[in-house]
Amino acid sequence: VAKPTAEKTRCNLVPDLIAGLTTGIANIPDAMASAVLAGVNPVQGLYAVMVGSPLGAIFGSSTFMNIAATSALAITAGSSIAGYPSGDARDAAITTLALLTGLVMVIAGLLRLGRLLRFISNSVVIGFLTGVSITVILSQIGDFTGYSSEYSNKVVKAVDTLLHFNQVDIYTLAIGVLTVAAILIVDRTRLRNLSMLVGMVIGTAALLILGWPSVQQVSDVATIPGPLPMPKLPDLSLILALWFDAIALAIIALVQGAGVRKGYPNPDGT
């Protein structure tokens, strides 16, 4: 396959910049939401994509792969570290889990286990992503409505919320509905690549203007540091406890990556 010439590379510079800008901006609210799903400080999601995206672009083999946090990985990671108290203990646990997951992926690559992914059918991938989507929706009903259910099971919590709809915080629900509506409307326009960012800005602006105190803000649930925090060292004593969770995360990530690879081959056909 002929390599791209310098002239072709320069011609692609502007569209590549636009693609990088829109994707990077869209990843901001998405990364924060993924961190919330994982049960860690929302700012950690931003730091994750700041490191992961450029490294993925340099070392990845797929031209169209967007290296970012995903809901499936966030939920799985959140379930794995749910038993650790918030703060340094949970930060150490998520750091250990992330490094173990990367180690599992490296080992899988060295053993050429990627060939096993071709046995996974498209139906399995679709079913997996559908299940993740439903889990994400059910897990966020409490934050979306402002109603705190006493149950832990996501399905039971959703039913409990419906049965106690009169206790829903109408202001929290209104901001949530406004944000979702803004995303869906903008997604039908030329600015669809920025739909999530626009939705976040509109929802935030509405809350600042209306000043409803019952609506939780990020600062109410997490401390946002000014400078970049120092990376947390892994806790080696947690390796045995998190090893199987790391394997599960690695498999999920590899399946998702394989789905993108199959759906969007490189321009040269690889």
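Reader: Where in the protein chain is Arg112 found?

Author: Arg112 is found in the loop between helix 5 and helix 6. Helices (H or I, at least four residues) and strands (E, at least two) are DSSP runs, numbered from the N terminus. This is a predicted model, in which local features need pLDDT of at least 70 and side-chain atom pairs count only at pLDDT 80 or more, while totals for chains, interfaces and linings use all residues. Residues are numbered from 1 along each chain as its sequence is written, and side-chain values use heavy atoms, with hydrogens and water left out.

Reader: Why is Arg112 called exposed?

Author: Buried means under 20% relative accessible area, exposed means over 50%, and partly exposed lies in between (1.4 Å probe, protein chains only). Arg112 has a relative accessible area of 60%, and therefore it is exposed. Arg112 also has a positive phi of about 55°, although it is not a glycine.

Reader: Why is Gly20 called partly exposed?

Author: Gly20 has a relative accessible area of 45%, so Gly20 is partly exposed. Gly20 is found in helix 2. Between the C-alpha atoms of Gly20 and Ser86 there are 34 Å in space, and the two are 66 residues apart in sequence.

Reader: Why does Thr172 count as buried?

Author: The relative accessibility of Thr172 is 10%, and therefore Thr172 counts as buried. Thr172 is found in helix 9 (residues 170-186).

Reader: With which residues is Thr172 in contact, leaving aside its neighbours within four places in sequence?

Author: Contact means heavy atoms within 4.5 Å. Leaving aside those neighbours, Thr172 is in contact with Asp143, Phe144, Thr145, Gly146, Ser214 and Val215.

Reader: Which residues of helix 4 are buried, and against which helices do they pack?

Author: In helix 4 (residues 71-80), the buried residues are Ala72, Ala74, Ile75, Ala77, Gly78 and Ser80. They pack against helix 2 (13-38), helix 5 (88-110), helix 6 (122-139) and helix 12 (239-263). Thr76 is found in helix 4 too. Its contacts, leaving aside neighbours within four places in sequence, are with Leu249 and Ile252.

Reader: What makes up the lining of the second largest pocket, by class?

Author: The lining has five nonpolar, six polar and four charged residues. Ala, Val, Leu, Ile, Met, Phe, Trp, Tyr, Cys and Pro count as nonpolar, Asp, Glu, Lys and Arg as charged, and the others, Gly among them, as polar. Of the 15 lining residues, Val36, Leu37, Ser139, Gln140 and Lys154 lie nearest the centre of this pocket. Helix 2, helix 4 and helix 8 (154-163) each supply at least two residues of the lining. On a 1 Å grid over the protein atoms alone, a pocket is an open set of points where a 1.4 Å probe fits, with protein on both sides within 12 Å along at least five of seven lines; lining residues have an atom within 4 Å of a point.

Reader: How many helices and strands are there in the protein chain?

Author: The protein chain has 12 helices and zero strands. Of its 270 residues, 28% count as buried.

Reader: Why does the radius of gyration of the protein chain agree with that of a compact globule?

Author: The radius of gyration is taken over C-alpha atoms, and the globule rule is 2.2 Å times the number of residues to the power 0.38. For 270 residues, a compact globule would have a radius near 18 Å; the protein chain has 20 Å, which therefore agrees.
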